[in-house]
Amino acid sequence: MKPEIILPQPLNPRVPAPSQPFRTVLPLQIRFNDIDLLGHVNNEMYFAYMDLGKMRYFQEMMDDKLDWRAINTVIANVNCDFYAPTTIDEQICVVTAITHIGESSFRLEQRIIDINTGDVKCIGRTVMVTIDPHTGHSVPVDPEWVKRVSEFEGREF
């Protein structure tokens with residue numbers, strides 16, 4: 001089991017407490033092109049940041065032995081609740097955890113956080129479905145993969 005990342009208490013009382021610990025963190029670099037006319041990170045960039053966090057999560061969970069050509073998952077749903085704007089001078093990171101594994105899908109929760117203040121910028125929730133790449137139809141989640149996630153997260157799914 002990977003050690004839990006200790007998150008600071010959110011500054012905003014509207015931010016819900018996480019339902020599980022996070023074990024993967026990825027510091028993010030804000031680029032000039034990420035900023036909108038108001039001087040904030042554009043909302044579409046948060047989804048790109050979360051994609052980077054998913055990649056880091058899967059790499060760490062698979063001990064960097066992930067064959068990206070063998071990925072058989074697609075995003076079925078993604079939602080994001082925004083709590084605070086992010087400006088170019090802030091240092092942010094994305095934390096990622098798998099929160100649920102079903103028969104042919106799994107859910108992730110991700111948070112973009114100001115590294116210095118603990119301010120939660122947004123919370124993203126994603127449903128990913130395992131598919132047969134030849135038919136495009138959903139298939140059961142590989143039991144060996146579920147075992148790896150359980151070991152990584154330190155809890156049974």
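This is a predicted model: local features need pLDDT of at least 70, side-chain atom pairs count only at pLDDT 80 or more; totals for chains, interfaces and linings use all residues.
# Notebook: sheet, helices and salt bridges

I started in strand 4, where Arg-107 is the bridge partner of His-100.

**Strands 3 and 4**

That pair made me look at the two strands around it. Strand 3 and strand 4 run antiparallel and are joined by nine bridges. How much of strand 3 is buried? I found eight of its 10 residues buried, so I put the strand down as mostly covered.

**The other neighbour of strand 3**

Next I went to strand 1. Strand 1 pairs with strand 3 over five bridges, again in the antiparallel sense. I noted two facing pairs here. Thr-24 stands opposite Thr-96 of strand 3, and Pro-27 has Cys-93 in strand 3 as its bridge partner.

In what order do the five strands lie? I read the order as 1-3-4-5-2, in an open sheet with antiparallel pairing. Strand 1 and strand 2 (73-82) are at the edges with a single partner strand each, so one side of each has no neighbour in the sheet. I also took down the twist, which averages 20 degrees from one strand to the next. A reminder to myself on what holds such things together: strands of a sheet pair through backbone hydrogen bonds, parallel or antiparallel.

**Helices on the sheet**

Which strands does helix 1 lie across? I listed strand 1, strand 2, strand 3, strand 4 and strand 5 (120-130), with the helix running at about 65 degrees to strand 3. Helix 2 also packs on the sheet, where it touches strand 1, strand 3 and strand 4. The direction of helix 2 makes about 125 degrees with that of strand 3.

**Helix 2 close up**

I went through helix 2 (residues 143-153) for burial and got Trp-145, Val-146, Val-149, Ser-150, Phe-152 and Glu-153 as its buried residues. Why do they line one face of the helix? Looking down the axis of helix 2, I see the buried residues within an arc of 165 degrees, so they line one face. Their cover includes strand 1 (24-28), helix 1 (43-61), strand 3 (92-101) and strand 4 (105-114).

Then I checked both ends. At the start of helix 2, a side-chain oxygen of Asp-142 comes to within 3.0 Å of the backbone nitrogen of Glu-144. Just after the helix, Gly-154 has a positive phi of about 75 degrees.

**Salt bridges**

How many salt bridges are there? I count 10 salt bridges. The general idea is that side chains of opposite charge can pair when their charged atoms come close.

Arg-155 forms a salt bridge with Glu-153, with 2.9 Å between the closest N and O atoms. Is each partner buried or partly exposed? Glu-153 counts as buried at 1% relative accessibility, while Arg-155 counts as partly exposed at 23%.

The second pair is inside helix 1. Lys-54 and Asp-51 form a salt bridge, their closest N and O atoms 3.4 Å apart. The two are three residues apart in helix 1, which means about one helical turn separates them. Lys-54 is buried, with a relative accessible area of 5%, whereas Asp-51 is partly exposed at 37%.

As for the network, salt bridges with shared partners join Lys-2, Arg-56 and Glu-60 into one.

**One last distance**

I finished with Glu-44, which is in helix 1. Glu-44 counts as exposed, at 55% relative accessibility; the cut-off for exposed is over 50%. How far apart are the C-alpha atoms of Glu-44 and Gly-136? I get 27 Å between the C-alpha atoms, for residues 92 apart along the chain.

Technical notes:
Residues are numbered from 1 along each chain as its sequence is written. Side-chain values use heavy atoms; hydrogens and water are left out. Buried means under 20% relative accessible area, exposed over 50%, partly exposed in between (1.4 Å probe, protein chains only). Helices (H or I, at least four residues) and strands (E, at least two) are DSSP runs, numbered from the N terminus. The arc is that of the directions from the helix axis to the C-beta atoms. Contact means heavy atoms within 4.5 Å. A polar contact is a pair of N or O atoms within 3.5 Å; within protein, one must be able to donate a hydrogen and the other to accept it, and residues adjacent in sequence count only if both atoms are side-chain atoms. Two strands pair if DSSP finds at least two bridges between them. Axes are lines fitted to C-alpha atoms, for helices over the stretch in contact, and angles run from 0 to 180 degrees between N-to-C directions. A salt bridge is a side-chain nitrogen of Lys or Arg within 4 Å of a carboxyl oxygen of Asp or Glu.
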